[in-house]
Amino acid sequence: MAQLPWQNTAPITVAASPLVSPWIEAVGFSVVVPFFAFAGGTSTHSIEGSFDGTRADADFGYAAPTSGTPFTVLSPYFRWKTVQTVADATKSKVVLRPRP
């Protein structure tokens, strides 16, 4: 399990896609603010929820994240996911910060 803040700064290639963070246990906070900047190719970002921290649970759906816009943590665990398609990214930066 990971703790917040979590970050990635390495550009994502199509071959290495998807970028998936470790499961993050939502203890001590209920809101997360994602900040991200991507350039090159096509990147699709999502937040996945989990009841047990081992697999995504479709019952915990999150809206697509927007950089700088807080989201409420709905599940005991969550993770970041970016799928890179069409071409390699030249910039792939993301940081997830807790907001108590």
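This is a predicted model: local features need pLDDT of at least 70, side-chain atom pairs count only at pLDDT 80 or more; totals for chains, interfaces and linings use all residues.
# A walk through an all-strand model

Reading from the N terminus, the order is simply β-β-β-β-β-β-β-β.

On to the overall dimensions. The C-alpha atoms fill a box of roughly 35 × 25 × 20 Å along the principal axes. A compact globule with 100 residues would have a radius of gyration near 13 Å, and the chain agrees, because its own value is 13 Å. Buried residues account for 40% of the 100 residues. As for the surface, the chain exposes about 5,400 Å², and 54% of that is supplied by carbon and sulfur atoms.

Now for the charged pairs. As a reminder, side chains of opposite charge can pair when their charged atoms come close. How many salt bridges does a search of the whole structure find? The search finds three.

The side chain of R79 meets that of E48 in a salt bridge, at 2.6 Å from N to O. This pair links distant parts of the chain, with R79 in strand 7, residues 77-85, and E48 in strand 5, 31 residues apart. Are these two residues buried or exposed? Both R79 and E48 are buried. For E48 the relative accessibility is 15%, and buried means under 20%, so E48 counts as buried.

E48 has another partner, K81. The side chains of K81 and E48 meet in a salt bridge of 3.7 Å, N to O. K81 lies in strand 7 and E48 in strand 5, so this pair ties together parts that are 33 residues apart in sequence. K81 is partly exposed, at 23% relative accessibility. Put together, E48, R79 and K81 form a linked network of salt bridges.

The search also turns up a salt bridge between D52 and R55, whose closest N and O atoms are 2.7 Å apart. What about accessibility here? D52 is partly exposed at 31% relative accessibility, while R55 is exposed, with a relative accessible area of 56%.

S21 sits in the loop between strand 2 (19-20) and strand 3 (24-25). Leaving aside residues up to four places away in sequence, S21 touches W6, R79 and W80. So is S21 buried or exposed? S21 counts as buried, because its relative accessibility is 4%. There is a polar atom of the S21 side chain 2.9 Å from the backbone nitrogen of W80.

Next, a glycine. Where is G40 found? G40 is in the loop between strand 4 (31-39) and strand 5 (42-50). With a relative accessible area of 33%, G40 is partly exposed. If we set aside residues up to four places away in sequence, G40 touches Q84, D88, A89 and T90. Compare that with G53: the two glycines, G40 and G53, are 13 residues apart along the chain, and their C-alpha atoms are separated by 31 Å.

Finally, some backbone details for those of you with the structure open. Most residues other than glycine have a negative phi, and most peptide bonds are trans. P18 lies in the loop between strand 1 and strand 2.

And then there is V86. This residue, which is not a glycine, has a positive phi, near 75 degrees. V86 is found in the loop between strand 7 and strand 8 (91-99). At 74% relative accessibility, V86 counts as exposed.

Key:
Residues are numbered from 1 along each chain as its sequence is written. Side-chain values use heavy atoms; hydrogens and water are left out. Helices (H or I, at least four residues) and strands (E, at least two) are DSSP runs, numbered from the N terminus. Buried means under 20% relative accessible area, exposed over 50%, partly exposed in between (1.4 Å probe, protein chains only). Contact means heavy atoms within 4.5 Å. A salt bridge is a side-chain nitrogen of Lys or Arg within 4 Å of a carboxyl oxygen of Asp or Glu. A polar contact is a pair of N or O atoms within 3.5 Å; within protein, one must be able to donate a hydrogen and the other to accept it, and residues adjacent in sequence count only if both atoms are side-chain atoms. The radius of gyration is taken over C-alpha atoms; the globule rule is 2.2 Å times the number of residues to the power 0.38. Accessible areas come from the Shrake-Rupley method with a 1.4 Å probe; for residues, only the protein chains shown count as cover.
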